[in-house]
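Open the model in your viewer and colour it by chain. The stops below go from the interface to a sheet.

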Amino acid sequence: MNTDARRYVIIVFFLLVGSIYAVRLFYMQVMDDSWTLRAQEIAEKRQQITPPRGVFFDRRGKKIVANKTYFNLMMREADMKEKFDTNAFAKLIGWTPMKVKSRFWEIKLGEGKYKNPHTGKTTSNYQKIRSYPFVKEMSMEEMANIAPYLQNFPGFYEEITSMRSYPYANAANILGYLSEVNGEEVKEDHFYRAGDNIGRAGLERFYETELRGIKGIHYIVTSALNNAIEPYANGKYDTIAKQGPALHLGVDIVLQAYGEKLMKNKRGCIVAIEPSSGEVLALVSAPTFDPNLFVGKRSISKNYSRLISDPSKPLYPRPLSAEYPPGSTFKLIQALTALQEGVIRPGTSFPCTKSMVGCHNHPHARNVSEAVQYSCNPYFYYTVKKIIQQGKRKKVTEDAPIGLAKWTKYMKSFGFGVKLETDITGIRPGLIPDPAYYDKWYGHNAWGFSTIRSNSIGQGEVKATPLQLANLAAILANRGWFITPHFVKSIGSKGPLAIYKKKQYTMINRVHFDPVIEGMRMVVNEKGGTGSQARIKDIVVCGKTGTVQNPQGEDHSVFIAFAPMYKPKIAIAVFIENAGFGGTWAAPIANLMMEKYLKKKITDKEKEKHILESDLD
Amino acid sequence: MSRNMKRDESILGNIDWGLAIVFLIMVFMGVANVYSAAFNPKHPDLFDFSQKYGKQIMWVGISMFLGLLVFLIDASIYRKFAIPIYLFCLVLLVIVLFMPSVNGAHAWLGIGSLGIQPAEFAKIGTAIALSSYVNSINVKQQNVNTVIVANIILLFPMALILLQPDAGTFVVFTGFLFVMYREGITYDPIVLHLVNLIPGVRFKSTWVGSHFIPILFVVVFLSIITLLMSNNTIHFFLFPGIDIPGFFGVIGALLFMGVATYLILRFFASKRERNRITMIVVIGFFLCSLIASIVNFGFQGLKKHQKDRIELFLGLREDPDGEDYNRNRAMAAVGSGGFFGKGYGNASVASVESNHVPESETDFIFCPLAEEWGFLGSFVLICLFMFMLFRIVQIAERQKSRFNRVYAYCVAMILFYHFAVNIGMDIGFAPVIGIPLPFFSYGGSSMMSFSVMMFVLLKLDSQRGDVLG
């Protein structure tokens, strides 16, 4: 039998396999990119490099939020000795041996488990060859104490990390704090990876996207043991991490610290604004806390629950969130509105009848300025009545809603009853009632001015935050306009956000401010004024006291002011809870703050001493 | 002196330079590839003998020296000493079973990196013994006895190798069945013997018996490919939206190959044979399509647990970090190469430091090559092997001596098996059984045995003119 032809069978086999392999290789390598992705999954890893966060400077260039180097004590089980001396290690890091052991378990269990759907086997995600932080965020001192002995414990080593540090232990409620992102945040924004920090409150949260900077990506080739072995493609695709821009704050940290000092043992707020720019100079919420308490996971978990459950609510940003009745300070814009509406003139006078609203004993207010000076309740009762009931309708209950609607517009043009667009979280709008509000309570056309009269003296339904009151002081200082109060005067070198460059005008003409401001000057500087405690030598201070009735207890003491009278540099609102008359507590504190800011020194040491030593809490 | 020179010249002159050059090119590429696959930055010197690339160069040197010896020894020695060589190999295979086990197999003779694997050399010994036996018998005399003897020659080394155990080399030995097929020693006498036991039946030969080996090969190969493809859809990323179910892909490929085979065979065949070839190709295509259909639809009709078992065997089950770790990593390395590759020394999956692909310098040596040189490099490698195989068949067919021809076919089949299985396991077409890629995988035994195998072939061919050589 001739078998020569069988050579073709063999040749065909060779050809068959060769061509099938070539086609298969072409498909795998060129057409199908799933293996490329698989290879990236296996070996080409992206290492994210988190840049240090942007830092904060105060208005005088002092660094108030910095980054400090901390250490994580890392553990890699694969490198550990078989006989690990738990007791010695516990002694070194100052833990109990029990705590060390439970920390091991915590790390292992914290990694979770993976169930292979095919084999049904469940394996821990924990890997001996991976590094885990055993103790997080140790200070340089803590690390320095144990570092020399770490060589006795192979598998443990130090890793540098960066955390916030606050050279001034102030302004915690402005700055906010950082903590680790939660699962939802990671899902929502791909910027974050588990373990990353995110701004939790205050400016840290508001300016999160600026402050966090731009992450760098370093592509590496990793080994089967998950070790980085070399940069991928010699770093051709790497991007460099970029630190977030520095925030330049309008806050004067010295003034802020002084305010916090004055507010010790008191509850309430101080808000100071530079009227011409709308920059917040100080925003004190008392009681407050040291921002350094909220640095790092360990101290946050230690301090957070204590502070959150503190009945004096140190974490509550009072100046932004607390809505108080504005009291007599509200009379100022009633006067302005009435003048603008033409229902009164600067020389208008009303008798202090005390029949509808109570009043204290004071000389007769012959004009608007004196009414402000004496804070005459009946005067403003009549004034606001004239605004609300302008006689457009015969029936009082039909007339009042028209007037109130107009009034509401005026109030809102001053930033009351609306959320100010200040660059911080936690802003509340306060409350300016409109006709719908009362319709809901009393029914349509079922109420008149007498129902809502308390609002005319800043009681009743109206509510405002201390920030809004400080903004009112700034509007008065500017005679009719304001720039939305804000903290950051410049993001890096780019200046503030666009909205903080725009003047917002109230509905009041410039001319109507003079009699009211004259009244404010008299409040502080003339005999019979309610705010004489706010007087500063050589500087004309304009102010207005307020005493807010408080059904829960003692009256709140309020004072708003600006100084100097011409070319004002500072506008301020002080709000002291349960402290009584506005002139007694709020006015002297405002005085000290303004003097501190304007003169950089305190002339009346007695007054300062008195305030510092008073315990109103 | 001058006579010696002349003789040397005549040897060199008679060498098949086509084969020799391809062989040398592959050895050179192999060393370069091992240098990248086993690169140690602490020892960057190519000739650092503490490193695998240094050692590989040493093995190449030793192989060349052995080649020189082969060229100096008269080719008739292999025919004359076929039985002692064969027996010597068997003795080594027995001795190795008593050696300490390395990686679960008693495969190494000697210590550490200087040891040799007798199984590698047993291939040459068996090839020589088979050539010698086939040479000794008359083709027309083939009967049950000759088939049995030829199979026994294979059986001894195969059994001993299976005892090591070394499944890869065991599989390679089945390649000798193709050589026997080419020489007409098939299972036909046995099939006939059995068939003719049936009263009234008296065949002279059966088609199935004669072509049992290639048919088996086609059925197995086609079945595996069909099963692999039956669950897939082929996507063309250049033409998104055009997705072809895997089964039609297989049929399409068969059609393409049928046409290609027809055209190629027509080129070789005489006019008289053309009609026959046409018929064979057409019938072949329909038979193959039938097999593919049976496998495909038969598989779909299987019960779930049966399906699972087959899928698990074929590595179709997704278990990339468990059972299928090696293959998955290997395929990722190969598949991520792209068209032009990642560049020499730039493998990220198959690099020695990353160690994702285990044994990337020995059994999985194709991975770094495919990853670094991409489809271009892979295709060149396939072309080189194809050229080498065709050339050896060509050489085989021009031999006057049957011994030489059988030996040449043995070499071709051994190389082909190594090529097909080794690369097949990197592209998901073959189970992961560790056998080296000739001339590329790091290792002294494989380097030396493949080289000696090649030199012996070149020597035999160079003396093909000798009377009764």
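How many salt bridges does the rule find across the interface of chain A and chain B? It finds 1 in this predicted model. Select A:Arg7 and B:Glu397 to see side chains that meet in a salt bridge, with N to O at 3.7 Å. Polar contacts between chain A and chain B come to 8 residue pairs, both residues at pLDDT 80 or more.

Next, select the chain A side of this interface. Helix 1 (6-31), helix 2 (34-42), strand 10 (216-222) and strand 11 (228-231) of chain A each give two or more residues to it. Helix 1 of chain A supplies the largest share, 25 residues. By type, the chain A side holds 27 nonpolar, 10 polar and 7 charged residues.

Now show both sides together. The contact involves 44 residues of chain A and 73 residues of chain B. About 5,200 Å² is buried between the two chains, and carbon and sulfur atoms give 73% of that area. Pick out A:Phe14, A:Tyr21 and A:Gln29: in chain A they lose the most area to chain B, together 16% of what that side buries.

Move to the open sheet of chain A, where 5 strands run in the order 14-13-20-19-18 with antiparallel pairing. Strand 14 (279-286) and strand 18 (542-548) have a single partner strand each, so one side of each lacks a neighbour in the sheet. Strand 18 pairs with strand 19 (556-563) over 7 bridges; A:Thr547 has A:Ser557 as its bridge partner.

Finally, select helix 21 (586-599) of chain A, which packs on the sheet and touches strands 13, 14, 19 and 20. The direction of helix 21 makes about 145° with that of strand 20.

How values were computed: Residues are numbered from 1 along each chain as its sequence is written. Chains are lettered from A and ligands numbered from 1 in the order in which they are written. This is a predicted model: local features need pLDDT of at least 70, side-chain atom pairs count only at pLDDT 80 or more; totals for chains, interfaces and linings use all residues. Side-chain values use heavy atoms; hydrogens and water are left out. Contact means heavy atoms within 4.5 Å. Buried area is the accessible area (1.4 Å probe) that two parts lose on being put together, summed over both. A salt bridge is a side-chain nitrogen of Lys or Arg within 4 Å of a carboxyl oxygen of Asp or Glu. A polar contact is a pair of N or O atoms within 3.5 Å; within protein, one must be able to donate a hydrogen and the other to accept it, and residues adjacent in sequence count only if both atoms are side-chain atoms. Helices (H or I, at least four residues) and strands (E, at least two) are DSSP runs, numbered from the N terminus. Ala, Val, Leu, Ile, Met, Phe, Trp, Tyr, Cys and Pro count as nonpolar, Asp, Glu, Lys and Arg as charged, and the others, Gly among them, as polar. Two strands pair if DSSP finds at least two bridges between them. Axes are lines fitted to C-alpha atoms, for helices over the stretch in contact, and angles run from 0 to 180 degrees between N-to-C directions.
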